[in-house]
Amino acid sequence: MTENESQEIVLKGLGVAPGICIGKAYLVDKEGVNVVKKYYIAEADLHKEEIRFKLAVSRAKQELAAIIQETPKELRQHTAILETHMVLLQDKLLYGQTLDTIQRFRYNAEWALKNVVDELKAIFQNMSEPYFRERGADIVHVSDRIMRNLVGGDAVNIRDIDKRVILVAKDLSPAETSQIQLERIKGLVTDGGGIASHTGIIARTLEIPAVLGLNNATQIIRNDDFIVVDGSAGLLIVHPTEQTLIEYEERAVRYERHRALIARESRMPAKTLDGISIQVMGNIELPEEVVAVRDYGGNGIGLYRTEFQYMGRRGFPTENDLFDKYRDVVEVMTPRPVTIRTLDINGDKALPGQTGNGEANPVLGLRAIRYCLKKPGIFKTQLRAILRAALYGNVRIMFPMISCCEEVRQAKTLLKEAAESLAAEGTEFEYNVDVGIMVEVPSAVAIADMLADEVDFFSIGTNDLIQYALAIDRGNRYVSHMYRPLHPAIIRMIKTVVDVGHQKGIKVYMCGEMAGDPIHLPVLLGLGLDELSMNPQSIPLVKNAIRKLSIKESRAFMYRIFKDKKEGQIESFLKKAYAGVLFDLDIDEDEIAV
Ligand code: PEP
Ligand code: MG
C-alpha cells in the first residue's frame with residue numbers, strides 16, 4: 001500500500017438510513033453485466049436467439065421467486081418490490097421490445113437488451129420526480145439479472161457472505177438488499193441510488209446505516225479497507241485516522257443510546273411539556289408500509305399517496321383492486337384515521353404512455369385534481385373504492401393540488417355521484433367521512449377562508465407549496481440550495497392557513513417533508529398545527545422531540561421571529577435556541593456552535 005492510499009478520505013453522499021458503523025469493506029462485484037458485446041445473428045438463427053433470451057428471462061424469474069420465498073419475515077413487506085420486478089421481466093417495454101429489437105435489427109440478445117434498457121433509462125432519468133428516477137433503477141436491476149443469465153455470470157449472493165462487513169457496491173438491487181443478514185452486514189454504501197430508492201427504504205427498515213449516491217466509492221475503496229459509514233450525516237470515511245476512529249466510536253455509542261431510548265418510548269403519546277398532545281402520523285405509498293407506521297407508534301395515516309397502485313401495470317386498476325388495497329390499510333389502522341389522497345398523477349408523475357400529454361410545463365399542467373376532473377370515470381372508480389373501504393374504519397378523503405373553490409365543489413359533486421351509484425346498486429359503503437384538501441398551491445393560501453367553508457380539514461403539503469411559492473423546482477439540483485422550508489414567505493403562508501382554518505373551526509394538518517424534521521418543530525408547534533405526518537421512520541424521533549418542547553415557549557419563539565424581520569436567520573435562531581434538544585437528536589455539534 002502506498003502512503004497516499006492510506007490517507008484518510010472523506011466522501012459526501014446521501015445519508016438514507018441514519019446511524020454509524022465502523023468496519024471492513026466488502027466489494028460486491030457484478031462482473032459480466034457491464035461489458036456487452038455486439039454482433040449480428042444470421043436470419044436462420046433468429047428464432048434460436050429469441051429462445052436464448054426467453055430462457056435467460058425464465059431463469060431470472062426462478063431466481064427472483066427463490067429470493068421471495070427465502071426472504072426473512074421482517075422483510076416480507078418488501079417482497080412487493082421483487083414481485084414488481086417479476087412483472088417487469090415480462091413487461092411489454094422490456095421483454096417485448098427486446099424480442100422486437102432482436103428480430104428487426106438481428107442484434108444478439110445482449111446488445112438488443114442493452115439498447116432497450118438504455119432508451120428506457122433515458123426516459124426515466126429525465127423525469128424530475130425522484131420516485132420515477134428510482135423506477136428507472138428497477139428496470140436496470142431487472143435487466144442486470146437477465147444479462148447475467150445471458151452471459152452466464154454468477155449471481156451476486158449476499159446471503160453467502162460469512163463475515164461482519166460493510167457492503168460497498170456500484171448499486172444494489174432490492175433483491176440483493178433483501179438478502180442482507182443483519183448479523184453479518186453492518187452497513188452499506190453505493191455509488192448510485194437516491195433517497196427514494198428501494199435500497200434506501202430497505203436499509204431504513206433494517207435500521208442499518210447507509211450512504212448512497214457516492215458516485216465513485218467503488219473506485220476508491222478496496223476489499224478489506226477500514227471504513228466508517230455515517231448514515232446520519234451522509235458521510236463515508238475511508239482509512240480513518242486514530243483520532244477520527246475514537247470520535248466515531250463515541251458518536252456511535254451516543255447514537256445507539258439515543259435510538260434505544262426513543263424506540264422504547266415510541267408508543268407513548270407526543271405530549272408537550274405543557275400538556276398538549278400532538279397527533280403524529282405516517283405517510284405511506286404502499287399498503288405494506290402501514291405496519292411500519294403502527295410499529296413506530298404513529299397515530300394514523302396522514303397521507304396515503306395512492307398513485308403507486310396505478311404504476312408498474314398495464315391499464316388502470318379496477319375498483320376492486322383499489323378497494324382491496326385501501327381496506328387492508330384501513331383495517332390495520334382502525335380506529336385510527338387513514339387519510340386517502342385521491343390520485344395525484346401527471347405533472348412530474350405521468351404514467352408513461354398513459355396519462356401524460358407532452359405538456360411544456362407539466363408541473364403547472366393537467367395534474368392531480370385537474371386530471372381527475374377531466375377524467376370523471378377514472379376519478380369515480382377511485383372514489384367508489386374509497387367509500388367502500390371507509391366501512392372498515394376511520395377514513396378521510398383528501399383532494400390534491402386545489403387552487404380554487406370550484407375544483408372542490410366539482411370534486412365533492414363527483415364524490416356524491418359515486419355514493420349514489422353505489423347506493424343504487426345496493427353496494428355497501430360509508431359516506432360519513434371527513435373531506436379535506438391539500439394546501440400546496442399559493443392561491444389556496446390566499447383564499448383559505450373561502451376554501452375552509454367547503455371542507456372539514458386542511459393538510460399543508462410543503463413539498464409543493466415551497467416549489468410553487470418560491471418558484472423552485474423541487475427535483476432540480478441546481479436550485480436545491482434555494483428550496484428552504486424556513487423561508488419567511490413559507491412560514492407566513494403556514495401561519496395564514498393555520499389561523500384562518502382555526503377561525504373557521506377546521507383542523508389544520510401538515511404532511512409535507514417539513515413535518516418530519518425535528519429542527520422545524522418549534523416553528524410548527526408555535527404556529528399551532530393540529531397534526532403532523534411524516535415518513536414512518538421519523539415518527540419516534542419527532543414524538544421524542546415534541547415531548548421536550550412546550551407550546552407556550554414555541555409560540556413566544558415564533559412571536560420573536562415575526563418581530564425580527566431579518567431574512568435567512570430563522571434556522572440559526574432555531575439552532576441556538578434549541579441546542580439542548582437538538583444535541584440529543586444527533587445534530588452536528590459544530591453546526592450548533594456557529
Ligand atoms: C406535498 O406536496 O407536500 C406532498 C405531501 O405531496 P407530494 O410530495 O406527494 O407531492
Ligand atoms: Mg404535493
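In this predicted model, K114 is partly exposed, with a relative accessible area of 27%. Its salt-bridge partner is D118, and the closest N and O atoms of the two residues are 2.7 Å apart. D118 is likewise partly exposed, at a relative accessible area of 33%. Both residues belong to helix α4 (residues 109-125), where a spacing of four residues places D118 and K114 about one helical turn apart.

Within it, D464 pairs with R367, with 2.9 Å between the closest N and O atoms. Because D464 lies in helix α17 and R367 in the loop between β11 (337-341) and α12 (368-374), this pair ties together parts that are 97 residues apart in sequence. Both D464 and R367 are buried. In total, the structure holds 28 salt bridges.

D464 leads onward to the metal site. The magnesium ion (ligand 2) is coordinated by E440 (OE) and D464 (OD), at 2.1 to 2.2 Å. E440 is in the loop between β13 (434-439) and α15 (442-446), whereas D464 is in helix α17 (residues 462-470), so the pair ties together parts that are 24 residues apart in sequence. E440 counts as buried because its relative accessibility is 2%; for D464, also buried, the value is 3%.

Definitions and conventions
Residues are numbered from 1 along each chain as its sequence is written. Chains are lettered from A and ligands numbered from 1 in the order in which they are written. This is a predicted model: local features need pLDDT of at least 70, side-chain atom pairs count only at pLDDT 80 or more; totals for chains, interfaces and linings use all residues. Side-chain values use heavy atoms; hydrogens and water are left out. Donors are N, O and S atoms within 2.8 Å of the metal (3.2 Å for Na, K and Ca); water is not among the atoms, so sites may look incomplete. Helices (H or I, at least four residues) and strands (E, at least two) are DSSP runs, numbered from the N terminus. Buried means under 20% relative accessible area, exposed over 50%, partly exposed in between (1.4 Å probe, protein chains only). A salt bridge is a side-chain nitrogen of Lys or Arg within 4 Å of a carboxyl oxygen of Asp or Glu.
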